[in-house]
Amino acid sequence: MIRISDILERAAEANPGADLDIIDKAYVYSARVHAGQLRLSGEPYLSHPLEVAYILAQMNLDPVSVAAGMLHDVVEDTHATAEEIEAMFGSEVRHIVDGVTKMSKVTVSDSRARQAESIRKMLLAMADDLRVILIKLADRLHNMRTLEYHKPSKRREIATETLDIYAPIAARLGIYWMKNELEDIAFQHTEPEAYENIRQLVARSRLEREAYVQNVMDIIRERIESAGLQGRVLGRYKKYFSIHCKMKDQNLAFEDVYDIIGFRIIVDTVPHCYEVLGIIHALWKPIDIKFKDYIARPKSNMYQSLHTTVIGPGGMRIEIQIRTEEMDEVAKSGIAAHWSYKEGRRASPKVSQQFAWIQNLIENQENIRDPREFMENVRIDLFPDEVYVFTPNGDIRSLTRGATPVDFAYLIHTEVGHHLTGAKVNGRLVPLQTELETGDVVEIITSPKGHPSKDWLGFVKTVKARAKIRQWIKTQEKERSLSLGREMCEKAFRKYRLNFSTALKSPEMEKVVGEFGFKTAEDLIASVGYGKITPLQIVRRFLAKPEDGAVTDDASLIKKLIGTVRKRKPRTGVTVKGVDDILVRFAKCCQPVPGDPIVGYITRGAGVTIHRSDCVNALKLSADRYIEVEWDKEVAEVYPVKIRVNAVDRVGLLVDVVSNISKNGANIISAWTETRDDHTVDGLFTIGVADTEHLNRILNDIRKVKRVQGVRRVK
């Protein structure tokens with residue numbers, strides 16, 4: 001267990017001459033209020049705040065941050081109060097601890113909404129004081145290091161959330177060592193078989209590669225020294241999760257992942273970085289498309305380095321990074337290397353400017369209440385890969401890689417995007433879906449008659465463009481739905497000899513609006529236009545109730561019709577909340593099966609289409625037309641699902657794969673396989689399964705087949 005002396009020693013190294021009494025005082029207080037509490041591992045609970053504080057000290061944070069890390073759980077988990085913290089440690093420590101505590105208090109019951117609300121609080125905390133998120137990251141890192149003490153289902157849940165949110169935030173803040181460790185631990189618990197397979201392959205090949213690594217390092221050192229330069233040369237192994245992602249994304253065998261080993265050259269000045277680059281390129285042939293100059297164009301998290309890939313000794317591709325000592329410190333610690341509250345208790349203007357993306361992200365999310373859309377947009381902002389383009393006036397603008405002229409137009413101004421009709425790139429007219437590249441000069445053509453198109457949502461990449469287009473479409477759809485809903489209601493009311501305009505102004509309408517769960521009559525009418533409510537449902541509230549159980553002719557006819565539908569309509573396996581006898585069909589794009597989180601989307605004239613909640617196509621649809629749906633557990637159906645199998649070819653491979661599908665009681669609807677020149681096999685199967693549990697049994701059995709490298713469900 002980490003001791004307080006270890007923390008004080010590390011903090012003293014990072015902050016020479018600083019008063020460390022606040023850390024010692026926080027340790028004594030934390031030990032007192034956490035006394036008697038134990039972690040799942042059986043260790044005293046105090047071990048956790050000690051570990052968190054030590055991680056923060058390793059990141060060279062100031063004593064106030066380290067002390068706040070020591071106290072981060074006391075308000076939530078003990079009898080301590082925020083007022084007591086302020087009285088003993090000052091308002092700054094209270095502010096940080098309060099920020100961490102608020103992030104932990106989420107009361108929403110739905111898991112998707114709960115995660116979205118957690119992230120929303122995290123983003124607000126980041127904008128208010130970045131030390132809050134640094135403490136939260138340190139807290140998550142230590143919890144991940146002790147994840148094995150949780151139940152398997154809880155381990156997977158925490159690990160998945162870490163991969164989705166915490167690791168990307170660490171990367172966005174430039175803290176790559178933490179991002180790598182979070183990913184590898186999470187990978188170990190989300191895909192244990194794949195993790196163990198890669199771990200063994202790396203261990204097996206490490207001995208063979210050691211001599212090669214040493215040889216390359218010796219050659220580089222010799223060339224640098226002969227040029228009169230001083231520098232450190234390091235060799236490193238790619239992380240397990242990174243290897244796994246590369247194998248999966250590019251469909252590679254382990255042997256084909258060329259950059260499992262990388263090299264880092266650290267010199268004293270920027271000119272020497274470029275000089276070393278020249279030496280490396282003179283020594284070995286570079287691969288042009290793999291060269292990245294992050295010194296001239298730093299990443300948004302302040303990361304700087306030269307990246308090049310060359311054909312090294314023996315014809316092997318090797319990746320080399322070249323940077324200064326200062327750049328190496330930033331690469332290790334990210335924003336923590338620059339974040340200082342010592343002078344005026346504010347971050348430097350340079351840091352604030354570099355991390356303006358946090359404030360922009362919050363501004364873009366302010367009006368988004370749908371959890372799916374919010375989470376999608378956050379992920380877009382957390383995984384940026386930027387390009388740099390120019391306005392016709394020569395001003396430079398940064399955009400997400402893959403961004404289009406539409407993204408550029410909305411970056412300039414919302415109204416420019418709304419009235420966009422065309423674009424020129426480098427003086428030539430181009431389609432609006434053209435992907436921009438670094439160095440492009442972009443000119444936007446607008447017209448007062450121009451307006452956004454739904455098709456734009458299919459190719460825009462930035463959150464701002466996506467949010468503004470959806471907002472415009474939502475406004476237009478509401479206007480159309482209001483007009484259509486009013487027309488439908490007027491016809492329905494006339495049919496029953498009622499006046500809709502009179503009913504609209506009556507006190508009864510206010511009650512009806514409340515009964516349907518809306519705030520205004522306008523919202524109610526719009527929902528009729530959308531198709532969520534029928535005009536007849538509203539009319540019934542205004543009809544005189546029959547006496548002594550008598551049934552009107554119209555009502556009797558409706559009951560007969562509904563009864564006929566109920567008798568003839570087969571069960572679909574899905575129930576739509578609050579609606580009976582509605583047409584339900586399953587989306588072919590994502591093929592949901594029982595066990596998948598699902599969402600319904602109302603389509604005029606075509607009932608409700610069922611999508612998986614994470615379906616890309618569903619996320620593009622208007623949130624106003626979502627309707628709650630759930631699986632009907634009483635219905636036993638078979639659902640088609642596609643799976644992809646990657647393996648190394650051998651005699652009997654297909655027979656073994658097919659038999660493992662069949663023995664689990666699954667029907668093979670279709671099958672396609674291709675054997676490549678490198679003797680790998682790619683197979684695509686459509687099989688019928690009962691639910692996700694049934695599917696997972698099949699996938700696990702296929703993974704056990706000899707020479708199968710991977711099997712996954714196709715989204």
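Q: Buried means under 20% relative accessible area, exposed over 50% and partly exposed in between (1.4 Å probe, protein chains only). This model is predicted, so local features need pLDDT of at least 70 and side-chain atom pairs pLDDT 80 or more, while totals for chains, interfaces and linings use all residues. Residues are numbered from 1 along each chain as its sequence is written, and side-chain values use heavy atoms, without hydrogens and water. Which exposed residues does helix 23 carry on the face turned away from its buried side?
A: Helix 23 spans residues 507-515, and its buried residues include Met-509, Val-512 and Val-513 (helices are DSSP runs of H or I with at least four residues, strands runs of E with at least two, numbered from the N terminus). They cover an arc of only 100 degrees around the axis, so they sit on the same side of helix 23 (the arc is that of the directions from the helix axis to the C-beta atoms). The face turned away from that buried side carries the exposed residues Pro-507, Glu-510 and Lys-511.

Q: Which residue just after helix 23 takes a positive phi?
A: The cover over the buried residues of helix 23 includes helix 22 (500-505), helix 24 (521-530) and helix 25 (535-542). Just after helix 23, a positive phi of about 85 degrees is taken by Gly-517.

Q: Why do the buried residues of helix 1 line one face of the helix?
A: In helix 1 (residues 4-14), Ile-4, Ile-7 and Ala-11 are buried. They line one face because, seen down the axis of helix 1, they fall within an arc of 60 degrees.

Q: Which residues are exposed on the other side of helix 1?
A: The buried residues of helix 1 have a cover that includes helix 2 (21-33), helix 3 (47-58) and helix 4 (63-70). On the other side of helix 1, the exposed residues are Glu-9 and Glu-13.

Q: What is the average twist from one strand to the next in the open sheet of order 10-9-11?
A: This open sheet has three strands and antiparallel pairing (two strands pair if DSSP finds at least two bridges between them). Strand 10 (428-430) and strand 11 (442-446) are its edge strands, each pairing on one side only. From one strand to the next, the twist averages 35 degrees.

Q: At about what angle to strand 11 does helix 19 run?
A: Strand 9 (residues 420-425) and strand 11 are antiparallel and joined by five bridges, and Lys-424 has Glu-443 of strand 11 as its bridge partner. Helix 19 (residues 405-412) lies across strand 9, strand 10 and strand 11. Its direction relative to strand 11 is about 80 degrees (axes are lines fitted to C-alpha atoms, for helices over the stretch in contact, with angles from 0 to 180 degrees between N-to-C directions; contact means heavy atoms within 4.5 Å).

Q: Which residue in the hairpin of strand 7 and strand 8 takes a positive phi?
A: Strand 7 (residues 386-390) and strand 8 (residues 396-400) run antiparallel and are joined by five bridges. The bridge partner of Phe-390 in strand 8 is Ile-396. Five residues lie between the strands, and the positive phi, near 95 degrees, belongs to Gly-394.

Q: At about what angle to strand 21 does helix 29 run?
A: The order 19-20-18-21 describes an open sheet of four strands with antiparallel pairing, edged by strand 19 (667-675) and strand 21 (708-713). Helix 28 (residues 653-662) lies across strand 18, strand 19, strand 20 and strand 21, at about 20 degrees to strand 20. Helix 29 (residues 692-703) lies across strand 18, strand 20 and strand 21, and its angle to strand 21 is about 165 degrees.
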